[in-house]
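Subject: the model you asked about

Hi,

Have a look at it first and then read on.

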Amino acid sequence: MATLIIVVAIIAIAVIFAVVWFSIYNNLVEYKNELNSSESQIGVQLERRADLIPNLVNTVKGYAAHEKSTFEEITKFRSLVADKKAPLEDRLLANDEMSKRLASVNVSVEAYPDLKASQNFLNLQEELTNTENKIAYARQNYNKIAKIYNTKIQTFPNSIVAGSKFIKADFLEVPASKAEVPNVKFD
Amino acid sequence: MSKPLFLLIKKNKRKTNFLIFWFIFLVTALGALIGFVIKLFTEGSWWDMATAAFLAMGISLIYAFVQFFYSRSLFFKPDSSVLVTEKSDPVLYHVVEDMAFVAGVPMPEIYIIDDSSLNAFATGRNPESAILGITKGLREKLNREELEGVVGHEVGHIKNYDIRLSSMAVALSVAFVGLGVFSFRLASVFFDSDSRRNSKDSYGAVFGLIFIAIGAIFLIIGVPLSKILTLALGREREFLADATSVELTGNPKGLSRALGKIELDENVSSVLAKSPAAALCIGEPKRKKSFFGSWRKLLFSSHPETESRVERLGVDYEEIKEEIYVKNEQNSPKPTNDVNVNSSDDVLSDFQRLLDDENNSSFDIFFD
């Protein structure tokens, strides 16, 4: 009789332990998925931005022939931004560099009123600004979720369940200030 | 932020429920009173009184229900507001999209209000049904950064369910004042019928007087009620929404400049000032200067001073003002005469600040 009680007790404890363990595990998986989806949101915006560039280059090329080397650089960075296999950090870095070049191109085409009046060009400008902002906000969102996720996997008892399966997420570096992000706009 | 978001949401929902309860209670009580008076004069039974009370309860229930689920009809008139789509105004649409994304709320519907003054407001019962209204003037005079600040502020109200409480508060106090006016109209109908029939034993004049009295009761309760509501809704909520906005955009200057522009702009509001939406706006809608206007400002002002709002964001208001003035001068070389500056206004605003400070804390007990 006594042995039966002990066996039942051990089984009960094991079951409780397993339930707690798996519920924590599942919870962590949820956070991990959330983190992954916020990461892929950045990727989506980077792609959208990369898709805009050839169109923009074609539109302004004729007006800024002297910026030939800048265009080449932009194209080079663009291919890195569009590269889905490259690490996200590198793609973001390439995007920042590309934005700087775009800003300088914009300064040099500023003198052309017919270009500035073209609806096609204005739409492109807005789309560029939009994707730039969306990338910045998606980055901010990722960092916010990464912080929650990191706290989650580092605190007890989650830390035991997390073990080596859940790795601490790195923050994505946000440009020093939003003002530093080149403002691709005319007014 | 002093309180976690979920507590704020809970508090706002609770306050809204309180508000609806008191509204129905008051209207029912007044219905019973009308019934009682009718009983007195027609020598009817107590059933007359009960019927009147139940009728009043039913009407107030239906009104509260309709306003809860469809408050937009009160705030957005189809002839003065236009729906914004991504195609019709990509910049504004994208700004709202961004702010909703960072705040983690669904994309609200956006309407442009045909009003040349600078203002914005949000309404709805929850983030899923939220609607954002932005005046034409605001859309035209603010740049992208400033727009982000204003939209972030409104999204802040949406996120913590401020919109539910404030929309209901406005809808219910509008009903109260409306019922008062309706009673006066009813009274005049009775007086009319009395003079036409010209019979000695008709109750027309008596009923007329009764309805004037009832109308007066509605107005006597309703007008201070809306004052209390706007005060209870004011200040802290605005500061909090400002803080949320800066948290979302990471750019205190954008919102500060927007607030400065809203304050310094001289366009008088044509649509919003007359609309119930006035109580929901980010800045006090500007009305034509008049004696009555300044009293109204004293009585119904719900918003904290722009200066203290900007200073709370850690930005120097004087600097912002200078930036805006310099920009204005660049755009229009002829400096306009500053008709708006008058000293009595300063005295008023000081007095009002005093009032606000004293009332703000004590008015909360009306809800808790």
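One definition before the rest: "contact" here means heavy atoms within 4.5 Å. Also keep in mind that this is a predicted model.

Let me start with a helix pair in chain B. With that cut-off, B:E148, B:G149, B:G152, B:H153, B:V155, B:G156 and B:H157 of α6(B) touch B:R237, B:E238, B:A241, B:D242, B:T244, B:S245, B:L248 and B:T249 of α9(B). Sorted by class, that contact comes out at three nonpolar, eight polar and four charged residues. The axes of α6(B) and helix α9 (residues 236-249) of chain B approach within 7 Å, with a crossing angle of roughly 120 degrees. The two helices are therefore oblique to each other, and the crossing is right-handed.

α6(B) has another link worth a look. B:E146 makes a salt bridge to B:K261, with 3.0 Å between the closest N and O atoms. B:E146 sits in helix α6 (residues 144-159) of chain B and B:K261 in helix α10 (residues 252-264) of chain B, so this pair ties together parts 115 residues apart in sequence. Over all chains, the salt bridges number 25.

Now chain A, where α1 and α2 make a pair with another geometry. Helix α1 (residues 2-60) of chain A and helix α2 (residues 68-82) of chain A have axes that come within 9 Å and cross at roughly 160 degrees. That angle makes α1(A) roughly antiparallel to α2(A). The crossing is left-handed. On the α1(A) side the contact uses A:L46, A:A50, A:D51, A:I53, A:P54, A:V57 and A:V60, and on the α2(A) side A:F71, A:I74, A:R78, A:V81 and A:A82. By class, these residues are ten nonpolar, no polar and two charged.

On to where the chains meet. How many residues of chain B are in contact with chain A? There are 15 of them, against 14 residues of chain A. Chain B and chain A bury about 1200 Å² between them, and carbon and sulfur atoms give 44% of that. Of the area that chain B buries against chain A, B:F101, B:V102 and B:R144 supply 42%, more than any other three residues.

A helix pair spans the two chains as well. Helix α5 (residues 119-154) of chain A and helix α4 (residues 90-103) of chain B have axes that come within 10 Å and cross at roughly 5 degrees. That makes α5(A) roughly parallel to α4(B). From α5(A) the contact takes A:E126, A:E127, A:N130, A:N133, A:K134, A:Y137, A:A138, A:Q140, A:N141 and A:K144, and from α4(B) it takes B:P90, B:V91, B:H94, B:E97, B:D98, B:M99, B:F101 and B:V102. The classes there are seven nonpolar, five polar and six charged residues. Three salt bridges are counted between chain B and chain A. The side chains of B:E97 and A:K134 also pair up in a salt bridge, at 2.7 Å from N to O.

Most residues other than glycine have a negative phi, and most peptide bonds are trans. The peptide bond between A:F156 and A:P157 is cis, with omega about 0 degrees. A:P157 is in the loop between α5 and α6 (158-162) of chain A. B:Y161, which is not a glycine, has a positive phi of about 65 degrees. B:Y161 belongs to the loop between α6 and α7 (162-197) of chain B.

Cheers

Conventions:
Residues are numbered from 1 along each chain as its sequence is written. Chains are lettered from A and ligands numbered from 1 in the order in which they are written. This is a predicted model: local features need pLDDT of at least 70, side-chain atom pairs count only at pLDDT 80 or more; totals for chains, interfaces and linings use all residues. Side-chain values use heavy atoms; hydrogens and water are left out. Axes are lines fitted to C-alpha atoms, for helices over the stretch in contact, and angles run from 0 to 180 degrees between N-to-C directions. Helices (H or I, at least four residues) and strands (E, at least two) are DSSP runs, numbered from the N terminus. Angles under 35 degrees count as roughly parallel, over 145 as roughly antiparallel, 65 to 115 as roughly perpendicular and the rest as oblique. A crossing is left-handed if the near helix is turned anticlockwise from the far one by less than a right angle, and right-handed if clockwise. Ala, Val, Leu, Ile, Met, Phe, Trp, Tyr, Cys and Pro count as nonpolar, Asp, Glu, Lys and Arg as charged, and the others, Gly among them, as polar. Buried area is the accessible area (1.4 Å probe) that two parts lose on being put together, summed over both. A salt bridge is a side-chain nitrogen of Lys or Arg within 4 Å of a carboxyl oxygen of Asp or Glu.
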